[in-house]
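Here's a quick briefing to read alongside the model on your screen. Have the viewer open and click along as you go.

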Amino acid sequence: MKNMLNWFEIPVSDFERGKKFYETIFTCNIPAMDFGGLKMGMFPTDEGKVGGALCCGPDYKPSMNGSLIYLNANPDLNDVLNKVESAGGKIIQAKKQISPDYGYMALFVDSEGNRMALHSNN
């Protein structure tokens, strides 16, 4: 079976604030695009791999109750998690081991109010 995740979109109410938050915690550049009133910030990805974007528009509402997306924070999710609060987010579950085979996870709320997760092997 193929990877079930093909694309993801994280809603933001303040595009620049959300973009800055994710650029800060992942130490990356998120290029912005405007699609006729829908602002999107594309997460970096290798060609042919799963990708995603920050999305700001009338149909995008941040939530603590929606789907939970686990973002790749390898090699150690603490490298990303340690930047969450200073970037404007909140840690709601510290790093914990899922199992020796499945690695580690943590939960946080981003600058826009979305509940998100991190995963790493170590």
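**Start at Lys19**

Lys19 sits in helix H1 (helices, H or I of at least four residues, and strands, E of at least two, are DSSP runs numbered from the N terminus). This is a predicted model, where local features need pLDDT of at least 70 and side-chain atom pairs count only at pLDDT 80 or more, while totals for chains, interfaces and linings use all residues. Residues are numbered from 1 along each chain as its sequence is written, and side-chain values use heavy atoms, with hydrogens and water left out.

**Lys19 and its surroundings**

- With 13% relative accessibility, Lys19 counts as buried (buried is under 20% relative accessible area, exposed is over 50%, and partly exposed is in between, using a 1.4 Å probe and protein chains only).
- Leaving aside residues up to four places away in sequence, Lys19 touches Ile30, Ala32 and Leu54 (contact means heavy atoms within 4.5 Å).
- A polar contact of 2.8 Å joins the side chains of Lys19 and Glu23 (that is a pair of N or O atoms within 3.5 Å; within protein, one must be able to donate a hydrogen and the other to accept it, and residues adjacent in sequence count only if both atoms are side-chain atoms).

**Salt bridges**

- How many salt bridges does a search of the whole structure find? There are three (a side-chain nitrogen of Lys or Arg within 4 Å of a carboxyl oxygen of Asp or Glu).
- Glu23 and Lys19 make one of them, with the closest N and O atoms 2.8 Å apart. These two are about one helical turn from each other because they are four residues apart in helix H1, and both are buried.
- Lys95 and Asp76 meet in a salt bridge at 2.9 Å, N to O. Lys95 is in strand S6 (residues 90–99) and Asp76 in the loop between strand S5 (70–72) and helix H2 (78–84), so the pair ties together parts 19 residues apart in sequence. Lys95 counts as partly exposed at 25% relative accessibility, and Asp76 counts as partly exposed at 24%.
- Arg17 pairs with Glu112 in a salt bridge whose closest N and O atoms are 2.6 Å apart. This one links distant parts of the chain, 95 residues apart: Arg17 is in helix H1 (residues 15–26) and Glu112 in the loop between strand S7 (103–109) and strand S8 (115–120). Arg17 is partly exposed at 40% relative accessibility, whereas Glu112 is buried at 9%.

**Core and aromatics**

- The largest nonpolar core has 22 residues, and Ile10, Tyr22, Leu54, Phe108 and Leu118 touch the most other members (a core is a set of buried Ala, Val, Leu, Ile, Met, Phe, Trp, Tyr and Cys residues joined through side-chain atoms within 4.5 Å).
- The elements giving two or more residues to this core are strand S1 (7–11), H1, strand S4 (51–56), H2, S7 and S8. H1 gives the most, with four residues.
- Setting aside residues up to four places away in sequence, the contacts of Tyr22 include Ile10, Leu54, Phe108 and Met116.
- The whole structure has four aromatic pairs (rings of Phe, Tyr and Trp, the last by its six-membered ring, with centres within 6.5 Å; planes under 30 degrees apart are stacked, over 60 edge-to-face and the rest tilted). Among them, Phe8 and Phe43 form a tilted pair, 5.6 Å centre to centre with 40 degrees between the planes. Both Phe8 and Phe43 are buried.
- The rings of Phe21 and Phe108 have centres 6.0 Å apart and planes at 35 degrees, so this pair is tilted too. Phe21 in helix H1 and Phe108 in strand S7 are 87 residues apart.
- Phe8, Phe21, Tyr22, Phe43 and Phe108 form one aromatic cluster.

**Cysteines**

- You'll find zero disulfides here (a pair of cysteine sulfur atoms within 2.5 Å).

- Asn74 and Pro75 are joined by a cis peptide bond, with omega about 10 degrees. Pro75 lies in the loop between S5 and H2.
- Thr27 has a positive phi, near 45 degrees, in a residue other than glycine. Thr27 is in the loop between H1 and strand S2 (32–35) and counts as exposed at 60% relative accessibility.
- Most residues other than glycine have a negative phi, and most peptide bonds are trans.
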